[in-house]
Amino acid sequence: MKSEVAALHRRATDNGELVRVIPGFYAPREYWHGLPPPERTLHLARAVGKEHPQWVFAGTVAAAAHGLEHQWVLHDDMITIADARRRGFRAGSGVRRLYVPDRCRRSVETVNGIRVTNVVQTVLDCARMLAFRHALPIADSALARGVKLDELLAGCTKLGGDMRKVMRVLKHADGASENGGESLCRAVMIEGGFMVPSLQVVFYDPESRRFYRVDFMWVLPDGSIIVGEFDGAEKYFNPQMTGRRSIQATVQQEREREAALRRAGVRGIVRFTYDEVADATPLWNKLAQAGIPRT
């Protein structure tokens, strides 16, 4: 076994053919770097799970296995396991341990060949360990898939301890969010102290007799309506989203959409990109300029 590990290490260091992903585990460099971050995490969990079949994977590993919406930046080539002990692992092991009481670790599922915490426990664990803006998309996604808020609240009573971070996530979780990007937008809005928007509101344009759904809507104290639209680059370049229309045709359709929304009673439209959301300050500035109140 030691000779095999030494041979793999030489292949990784001498010619760069392999990459060491965590101690004792190697992968072809080109193949590994071609995988999306969630897939790299799942590959790691499957490999490590064969060496440690008693382990239960948790956190972002479980979120990826369950297919819950989350930000890829959360994947750092480490894996998280649920453990009833509070003692940490040694540095550089590639394994992160999350304290989960035994009474909560019993709800284990095998998903995509990996033993993971169930969806409810996964949402609660991610809410405990992640920043609010990263935990909210996971909770939104679970609610959209049919998990009940009562189930999540019941899981909180089993966990015990300081649940303030978890309760903040559950307070704002909304299954109406269409995707993880929109959930991230809303989380950053909440972090900035802005009024929480309504989601996926439909407007009717009397002129065109068409319905238009918006990502976010605010009704201001004076009764005026502001809508927010999360613009991803895909809407202009992905043929599946553009219907293979040209960029010019897509932009023209957006202009017609804006005109229709204004005829339907919308006073202002705020557009923001992923980069503006990730930076937070540009998004907050746009919301403030549009008159969205801070609560």
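Predicted model: local features only at pLDDT ≥ 70, side-chain atom pairs only at ≥ 80, totals over all residues.
**View A. Phe216 and Phe272 form a tilted aromatic pair.** The ring centres of Phe216 and Phe272 are 5.9 Å apart, and the planes of the two rings make an angle of 35 degrees. Because Phe216 belongs to strand E9 (residues 210-219) and Phe272 to strand E11 (residues 266-273), the pair ties together parts that are 56 residues apart in sequence.

**View B. Tyr204 and Phe211 form a tilted aromatic pair.** A search of the whole structure finds three aromatic pairs; in the one formed by Tyr204 and Phe211, the rings lie 5.0 Å apart, centre to centre, with 45 degrees between the planes. Tyr204 counts as partly exposed, at 38% relative accessibility, while Phe211 is exposed, with a relative accessible area of 60%.

**View C. Val123, Leu124 and Leu152 have the most contacts inside the largest nonpolar core.** This core has 33 residues, and the elements that each give two or more residues to it are helix H6 (119-129), helix H7 (132-144), helix H8 (149-159), helix H9 (164-172) and helix H10 (180-191). Of these, H7 gives the most, with seven residues. When residues up to four places away in sequence are not counted, Val123 touches Leu68, Ile138, Ala139, Ala142 and Leu152. Apart from this core lies another, of 23 residues, which includes Trp32, Phe57, Ala64 and Ile81.

**View D. His66 is a buried residue of helix H4.** His66 lies in helix H4, which comprises residues 59-66, and its relative accessible area is 9%, so it falls in the buried class. With neighbours within four places in sequence left aside, the residues in contact with His66 are Glu109, Val111, Val116, Thr117, Asn118, Val119, Thr122 and Arg145.

**View E. Arg168 lies over the face of Phe132.** In this charge-over-ring arrangement, Arg168 is placed at 4.2 Å from the ring centre of Phe132.

Methods: Residues numbered from 1 in each chain as written. Heavy atoms only, no water. Core = buried A, V, L, I, M, F, W, Y, C linked by side-chain atoms within 4.5 Å. Buried < 20%, exposed > 50% of the residue type's maximum accessible area, 1.4 Å probe, protein only. Helix = DSSP H or I, 4+ residues; strand = E, 2+ residues; numbered from the N terminus. Contact = heavy atoms within 4.5 Å. Phe/Tyr/Trp six-rings, centres within 6.5 Å; stacked < 30°, edge-to-face > 60°. Lys NZ or Arg CZ within 6 Å of the ring centre and 35° of its normal.
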